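This briefing is for a reader who is meeting the structure for the first time. Please look over the sequence and the structure, and then read the notes that follow.

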Number of protein chains: 2
Amino acid sequence: MSESAPPPENPYAAGAAFVDGKYVPMAEARMPILDWGFLHSDCTYDVVHVWKGRFFRLEDHLERFERSAEGLRLPLPHTREAIGEILSECVRLARLRDAYVEMICTRGWPPVGSRDPRDAESRFYAFAVPFIWIADEEQRKRGLHLIVSSVQRIPPQSVNPVFKNFHWGDFTRGLFEAFERGGETAVLVDGAGNVTEGPGFNIFVVNGERVVTPDAGMLEGITRRTVMELCEECGIALEAAPLPAQALREAEEVFLSSTAGGIVPITRVDGQPVGGGAPGPITGRLRDLYWSKQEAGWHGTPIDYS
Amino acid sequence: MSESAPPPENPYAAGAAFVDGKYVPMAEARMPILDWGFLHSDCTYDVVHVWKGRFFRLEDHLERFERSAEGLRLPLPHTREAIGEILSECVRLARLRDAYVEMICTRGWPPVGSRDPRDAESRFYAFAVPFIWIADEEQRKRGLHLIVSSVQRIPPQSVNPVFKNFHWGDFTRGLFEAFERGGETAVLVDGAGNVTEGPGFNIFVVNGERVVTPDAGMLEGITRRTVMELCEECGIALEAAPLPAQALREAEEVFLSSTAGGIVPITRVDGQPVGGGAPGPITGRLRDLYWSKQEAGWHGTPIDYS
């Protein structure tokens with residue numbers, strides 16, 4: 001009897017990507033340096049996650065991706081159905097039950113001699129990697145420590161945050177400021193001093209049975225929409241309205257929403273404890289519902305791994 | 001006698017790049033999709049040009065690149081001398097006498113599990129391609145048609161334009177607006193309605209023997225600095241000061257400065273002719289001096305092609 005060989009390593013274990021019409025292991029996923037998606041950050045993207053073998057709100061993410069591309073005048077080279085299939089195949093190849101799945105459309109680049117973006121042919125990239133958490137396990141349990149940054153979010157008059165984009169220079173500045181001030185993440189303000197969003201998340205404050213989230217200057221997150229639906233289901237009043245920074249410091253509870261981890265409590269703002277300094281009951285109730293409904297198949301699209 | 005083979009094609013004829021410590025033909029120059037230089041536009045760059053075998057103001061560009069990297073907290077993996085040598089080698093390999101030479105430093109990416117930019121290892125890319133002109137030959141001769149965009153330049157409170165960056169979403173919007181309004185390029189305003197800069201250029205107005213250029217909200221271009229030196233040499237008064245959009249429409253002459261073409265006249269603003277509608281005498285004088293002094297070796301670093 002021959003020795004049995006160990007099962008072959010899956011070359012896609014660290015993730016699978018779709019580049020130039022081919023599927024490749026994540027470590028080989030490379031793009032041309034000349035792509036204006038890089039050189040001018042002229043691109044859009046979206047991220048959908050997979051949890052226990054199901055996409056969560058896949059159609060909503062695909063629909064927003066199309067709206068972003070249209071808003072930025074980036075012709076998508078694939079239909080919605082084709083993109084859904086590409087994302088599924090990336091997850092399948094990587095054999096991931098919990099995944100962070102990103103789709104990107106870039107400008108490409110115009111032929112030599114032209115500087116006109118209308119002469120460029122847009123390009124599509126996608127990848128699936130193991131699920132990414134916006135906060136580690138300890139932080140999710142005890143709550144994140146947030147600062148209200150002095151950096152202003154890039155205003156909609158310059159770059160429209162509704163069209164999801166990689167213009168993160170302001171977020172990166174805010175993050176470094178947070179680290180210096182003893183925080184772990186940052187929320188940015190607008191020119192009027194109202195909070196907008198943080199790097200990869202929307203923000204919410206809770207007072208009594210009332211939740212408030214900013215209404216302008218930020219991405220309309222799909223997880224933000226999910227929070228709205230969960231509040232409605234629970235009979236909790238939710239309002240989208242201007243949110244002064246001071247309201248965060250005075251709130252009973254603060255939490256964030258993100259595709260990269262759902263609903264995460266924030267228990268310190270600018271070094272001061274929020275409420276009692278521990279995750280609050282409304283946050284906990286919404287978070288538990290977020291996960292339990294998802295695991296029961298809510299807004300889910302099962303992936304065929306066969 | 002054997003047939004003589006044709007001389008081998010230079011594989012670097014379309015340009016040469018430096019990626020991951022190796023020199024490669026431009027068509028093979030690719031970067032990892034996971035690099036936050038792309039996914040968060042977390043990077044800086046600079047562009048120096050080569051004209052008739054000499055870098056123009058190489059030290060000034062290297063110095064600004066270092067300042068940008070420091071301002072954005074991107075540790076440069078190479079010394080100034082090493083970067084100068086890499087750029088020279090790219091030009092040499094491509095055998096270019098006139099070249100557009102770009103250096104880029106990106107964040108890289110943190111190890112799996114971290115979202116902290118301090119855990120990332122920055123990366124360096126460079127390339128040399130044939131000289132790029134911001135305007136084609138006809139446009140340079142008759143003057144560019146500019147619009148004053150309704151899009152606002154990303155403010156310094158969000159992303160500091162002094163640290164050269166790829167946050168071009170506002171410029172791209174401005175360009176599409178220009179095309180729709182019959183223009184060829186755009187200049188963006190700040191929140192107060194003063195002009196700042198356009199995609200890849202600084203702007204100047206001329207009235208009599210007096211030149212004005214914006215003083216805030218824009219990159220401090222090396223070619224802008226060159227214009228200042230040329231004005232001084234010619235005894236032309238130059239002032240950096242807030243410049244209302246209306247001043248462009250009422251100017252006798254308007255021109256732009258860019259590494260991608262030097263000094264270029266603008267002869268229409270918002271569809272109306274500037275001055276007489278033809279390039280003006282001060283613009284012409286500065287442009288001629290820009291090229292003649294450069295060809296005489298001013299601020300030049302010769303490249304050893306052997």
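This is a predicted model: local features need pLDDT of at least 70, side-chain atom pairs count only at pLDDT 80 or more; totals for chains, interfaces and linings use all residues.

The largest cavity is lined by Glu252(A), Glu253(A), Val254(A), Pro265(A), Ile266(A), Thr267(A), Val274(A), Ala278(A), Pro279(A), Gly280(A) and Thr283(A).

**Cavities**

- Two elements of chain A, the strands β13 (253–258) and β14 (262–269), are those that give two or more residues to the lining of the largest cavity, and β14(A) gives the most, with three residues.
- The volume of the largest cavity is about 40 Å³, and the structure holds two cavities of 30 Å³ or more.

**Relation between the chains**

- Chain B is superposed on chain A, with an RMSD of 0.0 Å, by a rotation of 180° with 0.0 Å of shift along its axis, and the two copies are therefore related as by a two-fold rotation axis.
- The same surface serves both copies, since 100% of the contact residues of chain B recur in chain A.

**Nonpolar cores**

- The largest nonpolar core has 100 residues, and those with the most contacts inside it are Phe38(A), Leu248(A), Phe38(B) and Leu248(B).
- When neighbours within four places in sequence are left aside, Phe38(A) is in contact with Met31(A) and Ile33(A) of its own chain, and with Met31(B), Gly37(B), Phe38(B), Cys43(B), Ile104(B), Thr106(B) and Phe166(B) of chain B.
- Another core, of 27 residues, lies apart from the largest one, and it includes Leu58(B), Leu74(B), Met103(B) and Ala126(B).

- Cys90(B) counts as buried, because its relative accessibility is 0%.
- Cys234(B) is in no disulfide either, and the nearest cysteine sulfur, that of Cys231(B), is 6.8 Å away; with a relative accessibility of 18%, Cys234(B) counts as buried.

**Thr213(B)**

- Thr213(B) lies in strand β11 of chain B, which covers residues 210–213, and it counts as buried because its relative accessibility is 0%.
- Not counting residues up to four places away in sequence, Thr213(B) touches Ile203(B), Phe204(B), Arg224(B), Met228(B), Leu238(B), Glu239(B), Ala240(B) and Ala241(B).

**Ser158(B)**

- Ser158(B) has its place in the loop between β8 (144–152) and α5 (169–180) of chain B, and at 0% relative accessibility this residue counts as buried.
- Apart from neighbours within four places in sequence, the contacts of Ser158(B) are with residues of chain A, namely Val151(A), Gln152(A), Arg153(A), Ile154(A), Pro155(A), Gly169(A), Asp170(A) and Arg173(A).

**His78(A)**

- His78(A) is found in the loop between α2 (58–71) and α3 (80–94) of chain A, and with a relative accessible area of 28% it is partly exposed.
- His78(A) touches Phe18(A), Ile83(A), Ile86(A) and Phe124(A), residues up to four places away in sequence not being counted.
- Although His78(A) and Phe124(A) are 46 residues apart along the chain, their C-alpha atoms are separated by 8.0 Å.

Conventions:
Residues are numbered from 1 along each chain as its sequence is written. Chains are lettered from A and ligands numbered from 1 in the order in which they are written. Side-chain values use heavy atoms; hydrogens and water are left out. Copies are superposed by least squares on the C-alpha atoms of residues with pLDDT of at least 70 in both. Contact means heavy atoms within 4.5 Å. Buried means under 20% relative accessible area, exposed over 50%, partly exposed in between (1.4 Å probe, protein chains only). A disulfide is a pair of cysteine sulfur atoms within 2.5 Å. A nonpolar core is a set of buried Ala, Val, Leu, Ile, Met, Phe, Trp, Tyr and Cys residues joined through side-chain atoms within 4.5 Å. On a 1 Å grid over the protein atoms alone, a cavity is a set of points where a 1.4 Å probe fits but cannot get out, and a pocket is an open set with protein on both sides within 12 Å along at least five of seven lines; lining residues have an atom within 4 Å of a point. Grid points are joined across faces, edges and corners, and a volume is the space filled by probe spheres set on the points. Helices (H or I, at least four residues) and strands (E, at least two) are DSSP runs, numbered from the N terminus.
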